[in-house]
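Subject: Structure for you to look at

Hello,

Here is the structure I said I would pass on. Please open it next to this message and follow along.

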Amino acid sequence: MALKCGIVGLPNVGKSTLFNCLSNAKAQSANFPFCTIEPNVGVTTVPDDRLNKLTELVKPQNVQPTTVEIVDIAGLVKGASTGEGLGNKFLANIRECDAVLHVLRCFDDPNVVHVDGSVNPVRDKEIIDIELQLKDLETVDSRIAKVQRAAGTGDKDAKKQFELLQRIKEGLISGKSVRAIEMDETEKALVKDFQLLTSKPVMYICNVDEGSVVKGNAHVEKVRAAVADEQAEILVIGAAIEADIAELETYEERQMFLEEMGLDAPGVAKLIRAAYKLLNLSTYFTAGVKEVRAWTIPTGATAPEAAGVIHTDFQKGFIRVEVIGYDDYVHFGSEQAVKEAGKMRVEGKEYIVKDGDIMHFRFNV
């Protein structure tokens, strides 16, 4: 399944630098607002040590990791919800994304201008929040107008939608993003159809200077305090440092650089893993001499649903699945050894796939 994350933030907070590190594309990164006029789209592989280990054991002809699509959305400004700074187009780009990566400038540098004249990540966050909430309010008002008459005639579905939309409107007016409004599972399903910007899961990325990349700084602590009630993911990254890491030729050079900085992994690798967690996604594997491949599924997916990620025919004609736990595969060293040890399981349609399962589907079409 495709995963699409949109990088948002005010101009000059480090979005394009981070995008360059994440993707195969090369966005312009310049010291002025709107250096990214059209949304840049790049694709990056999801780092997974388990895939590397399976490749080492199986020695396949081909290896296929999962990927994430990254969209670098031009810097939003005050008034974006009413079209300021090409705002309408940028907001439409956010609507197409599954998750929002909100970059906040948490570094001081007189050589990099700030669109509002000073560094204040909490103020920057609130500017973006307000613009997205205002756009959602516009969408909600439009939907209320459409369902209100049907709700008044006694249409039960329309009445549910109308009541939910009214509650969402009240929340938005009070300054709440949609994701912070309490809803049951049925209501959450309805909200997905509304395509509201502030209903999307968000991760706040604090872009810091080199000296703050390990422990953060005062700016980061202010962000933590500001989002404490949101239950949002916060990640501290030095985009400039990530750019330096990306320039290094070999794995050994990158590891030496990380050790010198006191880091255990590149920030972009942590970001992609955190994006998976944010969207409640899991990975399963298929492993054979022709190919070892990682597949992305929603956490809690059944075996037939997981099969459908490979091909819809696999789901329609699902019979059973042979499952090997990742730890068992690594412990015994091969599929044959796992079978001989009696550790391969045969599961049916009700099986809930576990993260890291190695699976072989049996189906009939």
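Below is what was found in it, one region at a time.

Please keep in mind that this is a predicted model.

The sheet

An open sheet of six strands runs in the order E2-E4-E1-E5-E6-E7, and its pairing is mixed. At the edges are strand E2 (40–45) and strand E7 (233–237), each of which pairs on one side only. On average, neighbouring strands in this sheet are turned by 25° against each other, direction ignored. Strands of a sheet pair through backbone hydrogen bonds, either parallel or antiparallel. E2 and strand E4 (residues 67–72) are an antiparallel case, with six bridges between them. One of the positions to look for is Asn40, whose bridge partner in E4 is Asp72.

Helix H4 (residues 121–152) packs on the sheet, where it touches strand E5 (99–105) and strand E6 (202–207). The direction of H4 makes about 145° with that of E5.

A glutamine in H4

Gln133 is found in helix H4. Is Gln133 buried or exposed? Gln133 has a relative accessible area of 9%, and a residue counts as buried under 20%, so Gln133 is buried. What does the side chain of Gln133 meet there? A polar contact of 3.2 Å joins it to the side chain of Ser177. A polar atom of the Gln133 side chain also lies 3.2 Å from the backbone oxygen of Gly175. Leaving aside residues up to four places away in sequence, Gln133 touches Leu172, Gly175, Lys176, Ser177 and Thr198.

The nonpolar cores

The largest nonpolar core has 54 residues, and Met203 and Leu271 touch the most other members. Helix H10 (residues 267–278) gives this core its largest share, seven residues. For Leu271, the residues touched are Leu18, Leu22, Leu101, Met203, Ile205, Leu235 and Ile237, again not counting residues up to four places away in sequence. There is also a second, separate core of 17 residues, which includes Ala158, Leu165, Leu172 and Phe194.

Helix H10

How many of the twelve residues of H10 are buried? Nine of them are, so the helix is mostly covered. The buried residues of H10 are Gly267, Val268, Ala269, Leu271, Ile272, Ala274, Ala275, Tyr276 and Leu278. At 1.5 Å a residue, its twelve residues should span 16 Å, and the end C-alpha atoms are 16 Å apart, which agrees. The span uses one less than the number of residues, because that is how the expected value is defined. After H10 comes Asn280, whose phi is positive, near 60°.

Strand E8 (residues 281–287) is mostly covered, with seven of its seven residues buried. In a regular strand the side chains alternate between the two faces of the sheet. In E8 both faces are covered: Leu281, Thr283, Phe285 and Ala287 are buried on one side, and Ser282, Tyr284 and Thr286 are buried on the other. E8 pairs with strand E9 (residues 291–298) in the antiparallel sense over seven bridges. A hairpin of three residues joins E8 to E9. Which residue of E9 is the bridge partner of Tyr284? The partner is Trp295.

Best wishes

Technical notes: Residues are numbered from 1 along each chain as its sequence is written. This is a predicted model: local features need pLDDT of at least 70, side-chain atom pairs count only at pLDDT 80 or more; totals for chains, interfaces and linings use all residues. Side-chain values use heavy atoms; hydrogens and water are left out. Buried means under 20% relative accessible area, exposed over 50%, partly exposed in between (1.4 Å probe, protein chains only). Helices (H or I, at least four residues) and strands (E, at least two) are DSSP runs, numbered from the N terminus. Two strands pair if DSSP finds at least two bridges between them. Axes are lines fitted to C-alpha atoms, for helices over the stretch in contact, and angles run from 0 to 180 degrees between N-to-C directions. Contact means heavy atoms within 4.5 Å. A nonpolar core is a set of buried Ala, Val, Leu, Ile, Met, Phe, Trp, Tyr and Cys residues joined through side-chain atoms within 4.5 Å. A polar contact is a pair of N or O atoms within 3.5 Å; within protein, one must be able to donate a hydrogen and the other to accept it, and residues adjacent in sequence count only if both atoms are side-chain atoms.
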